[in-house]
Amino acid sequence: MLSGAMASGGVSVASLWTEVNRCGQNGDFTRALKALTRILHENRDDVTALHCKIVCLIQNGSFKEALNVMNTHSKYLVVFEKAYCEYRLNRVESSLKTIENAPVQTDKLKELYGQVLYRLERYDECKSVYTDLIRNSQDEYEEERKTNLAAVVAAMSQWEEAPLEDLGLPESTYELCYNSACALIGQGQLKEALNKLREAEELCRVSLADDSDVTEEDIESELAVIHSQMAYVMQLQGRTDEALQLYNQVIKLKPSDVGLLAVTANNIITINKDQNVFDSKKKVKLTNAEGVEYKLAKKQLQAIDFNKALLAMYTNQADQCRKLSSSLQSQNPGHPRPVLIQVAQLSREKQHTKAIELLQQFSDQHPESASGIKLTMAQLYLVQGHVTKACDVLRSIEEFKHKAGMVSALVTMYSHEEDIDSAIDVFKQAIGHYQSEQPGSAAHLALVREAANFKLKYGRKKEAISDLEQLWKQNTNDIHTLAQLISAYSLVDTDKAKSLSKHLPSADTMSFNVDVDELENSHGATYVRKKAAKVTGENLPKEQGQVDIKKKKKKKKGKLPKNYDPKATPDPERWLPMRERSYYRGKKKGKKKEQIGKGTQGATAGASAELDASKTASSPPTSPRPGSASGSSSAAASNVVPPRQQKPAASGATRKKAPQKKKKGGKGGW
């Protein structure tokens, strides 16, 4: 029974409780709080009023204030409300302790316990909680529990790579259908996942279309998470253009879910890679929104941080890249990716030696992750041209040591270095491994075949005998192997070669029905026989006395020089190089004869002519110069002072006056 005492202001406590009840039914929790405050003013230890106040504060989203009320009145323990407030304030560990310390585990606490375990990524325990709740409860929340269980199964498939478990969950709603698609993505069944997402999209449109208050924008906003997941599947399938278009549509909608925005922006950055970095720098801001860390799984947050470091590297922010990758390494000491990012940055700076030292240090500290690290180390050695060192590193990877791809790479590199013995040793170790683990398997015999061919290629026929014998014993009808074996034995043991040659088939059995004409006319033939002429009578037998008339080839007339004079006697030394001719005197470097107007003002051309030995009577004749007059005397012009700008004119040529250049800057003179 409620007390009928009067509260302050002349209003009875009973009427205040009536107000609280009415406001609670109408959802007006703010007015209910005012009435409860007046009730607690009269009796601050009223447990019912305290409980109602906590509920009203939670309904209004005032979780901190509600938690303060509970901490102030700690003797009145309200376990569920306290754990719920801690959960909503992202104090998940505290919420877990509150639930585990509860004296009684009610259904409400179990529901909250499942949510807390999901946030802590303890999926196995979470699955057990929801399975138990679905089995032991029957109410209107059954569909929500199944949706949560489907989300747990999807998370286990995606983040823990757990095998898909069929729990018999329906796909009647778009949430259930969406979670089923996420589970398929985790298993790599991309085509089936995309079809399931399209089903979820259709179910969402149908379910929301029935509500008259829902607009098209509301539907698109609700579909954003489905579209983003569809784009992710397309990206995994290599359909990046379609994926990018869908991602950008989601970004334009500006959904309120910061987790969805962060994941979508991150995926756009991964498509851009080292291109369109300006767009990536804008998108990366969306991954820094407040509350993102509470919306995403640890692996999602880790991937976003890795991409931030890579983006810093692509935008040439070396210091920022080093800072981010070092921070990631301290957070994930056993993860190889932060080290690989640091190595990539060092490689961009051409510090390959330092990068190799960093890789070696990580490989020694974390041998469980050494495989990928050593592959990178080998690549860096190859970049530096240290092929043998790269081979040594590759041979130290036990996980890939005997794989066909690794054997092929090692043999190729050793062959490049002309280290045939090491290449044969690689074959020997690989064959020994398969001999003990998978004797007679296809991989084993393929390696033996390649080893034999390699030894024969490099003239190691004696060493190839054991491999060829092993192959022939596996298939005695293999004539090609038998022929190789006989060829190899012919150098070592001729008697053995003769005995083996008896197993070769006879010439009759080896004959094949081959059309010789067709073979010769094929594209692969080295010699093609000409087809018979179509014209009849062309190849008729010649009559007696008929002689073949050989056609005479016309001789081409030789080309003569342009200035050829038939009357002049040709120079007998014309076939010799100019330097070897008797009259060659060499070139005078840096001086041209008769450069008029190029010396000091007032200089005469006659002075230079007098000093020119080539113009004296005793000098031998030189080859004719085009345009020069023979027999002209240089002494006639020895006292003539030419104009300064005049140049020597060729005989019979007229000189044009060069136009005078205008000087800049107004007045000027010599």
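This is a predicted model: local features need pLDDT of at least 70, side-chain atom pairs count only at pLDDT 80 or more; totals for chains, interfaces and linings use all residues.
Trainee: What makes H22 roughly antiparallel to H23?

Mentor: H22 (residues 404–416) and H23 pack at about 165°, axes 8 Å apart. The cut-offs are under 35 degrees for roughly parallel, over 145 for roughly antiparallel, 65 to 115 for roughly perpendicular, and oblique for the rest. So H22 counts as roughly antiparallel to H23. The axes are lines fitted to C-alpha atoms over the stretch in contact, with angles from 0 to 180 degrees between N-to-C directions. Helices themselves are DSSP runs (H or I, at least four residues), numbered from the N terminus.

Trainee: Which residues of H22 and H23 meet?

Mentor: Val407, Leu410, Val411 and Tyr414 in H22 meet Ser422, Ala423, Val426, Phe427 and Ala430 in H23; contact means heavy atoms within 4.5 Å. That set splits into eight nonpolar, one polar and no charged. Nonpolar covers Ala, Val, Leu, Ile, Met, Phe, Trp, Tyr, Cys and Pro; Asp, Glu, Lys and Arg are charged, and the others, Gly among them, polar.

Trainee: Why are H16 and H18 called roughly parallel?

Mentor: Helix H16 (residues 298–314) and helix H18 (residues 337–348) pack at about 0°, with axes 11 Å apart. They're therefore roughly parallel to each other.

Trainee: And what about H23 and H24: roughly parallel or roughly antiparallel?

Mentor: The axes of H23 (residues 420–437) and H24 (residues 442–457) cross at roughly 160° and come within 9 Å. So these two are roughly antiparallel. H23 passes H24 in a left-handed crossing, too.

Trainee: How many cavities of 30 Å³ or more turn up, and what makes something a cavity?

Mentor: A search of the whole structure finds one. On a 1 Å grid over the protein atoms alone, a cavity is a set of points where a 1.4 Å probe fits but cannot get out, and lining residues have an atom within 4 Å of a point. About 40 Å³ lies in the largest cavity. Its lining is Arg395, Lys401, His402, Leu410, Val426 and Gln429: two nonpolar, two polar and two charged.

Conventions. Residues are numbered from 1 along each chain as its sequence is written. Side-chain values use heavy atoms; hydrogens and water are left out. A crossing is left-handed if the near helix is turned anticlockwise from the far one by less than a right angle, and right-handed if clockwise. On a 1 Å grid over the protein atoms alone, a cavity is a set of points where a 1.4 Å probe fits but cannot get out, and a pocket is an open set with protein on both sides within 12 Å along at least five of seven lines; lining residues have an atom within 4 Å of a point. Grid points are joined across faces, edges and corners, and a volume is the space filled by probe spheres set on the points.
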